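Let's take a walk through this structure together. Have a look at the whole chain first, and then we'll move on to single residues.

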Amino acid sequence: MFSKELQDAFNEQMKNEFFSAYLYMAISGYFEAEDLPGFASWMRVQALEEMTHGEKFFHFLCEAGGRTNLLPIEGPKNDFKTPLEAFEFSLNHEQFVTAEINKLMDLANKDNNHAAKIFLQWFVTEQVEEEASFGLILKQLKRVEGDGRGLIMLDQELGQRVFTPPAAA
Ligand code: FEO
């Protein structure tokens, strides 16, 4: 059973995940405008992944006796000076999400809510992966700074990413 505090925090995190999808779609639009279709496609795949993260929270809340509360989603940042800035912004956002997941885990621990802890474990692991993948692209962007050819090659590589729906829970 959810405490009110944990249920509210789960709803807040569901919003953060859906907001992430909205943000990465906005960043995809920025890359489209910059004629970098591979980066744009990579960000759309990321947005789809974030939708599945939000849906996981929705499903768990329903199944574990909680009550969903879909909160308003603020507008994301749409414009960036450079691809590097867009990835710095994204990595900062992922670091924020990691901190929020860790706070949720602390709360689930305090409540002795074992089901919530097991559910959140997937997100703890996922955030390590998310920070690593954003961090790697950020490093690659730093390496190709000022090198148009390098940027186009990176764009082609990122365009290979495909969306794989997660296995059913
Ligand atoms: Fe679902 Fe990228 O955090």
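Predicted model: local features only at pLDDT ≥ 70, side-chain atom pairs only at ≥ 80, totals over all residues.

Residues are numbered from 1 along each chain as its sequence is written, and side-chain values use heavy atoms, with hydrogens and water left out.

Now for the overall build. The chain holds five helices and zero strands, in the order α-α-α-α-α along the sequence. (Helices, H or I with at least four residues, and strands, E with at least two, are DSSP runs numbered from the N terminus.) The C-alpha trace spans about 55 × 30 × 25 Å along its principal axes. Of the 169 residues, 46% count as buried, meaning under 20% relative accessible area; exposed is over 50%, and partly exposed is in between (1.4 Å probe, protein chains only).

What about salt bridges? A search of the whole structure turns up seven, each being a side-chain nitrogen of Lys or Arg within 4 Å of a carboxyl oxygen of Asp or Glu. One of them joins Lys15 and Glu12, at 3.1 Å from N to O. These two sit three residues apart in helix H1 (residues 4-33), so about one helical turn separates them. Lys15 is buried, at 13% relative accessibility, whereas Glu12 is partly exposed at 31%. Glu74 joins in as well: Glu12, Lys15 and Glu74 are linked in a network of salt bridges.

Which partner does Glu49 have? Glu49 forms a salt bridge with Arg161, with 3.3 Å between the closest N and O atoms. Glu49 is in helix H2 (residues 37-63) and Arg161 in the segment after helix H5 (148-158), so this pair ties together parts that are 112 residues apart in sequence.

Finally, go back to helix H1 and find Gln7, which is buried at 18% relative accessibility. Leaving aside neighbours within four places in sequence, Gln7 is in contact (heavy atoms within 4.5 Å) with Phe2, Leu61, Gly66 and Arg67.
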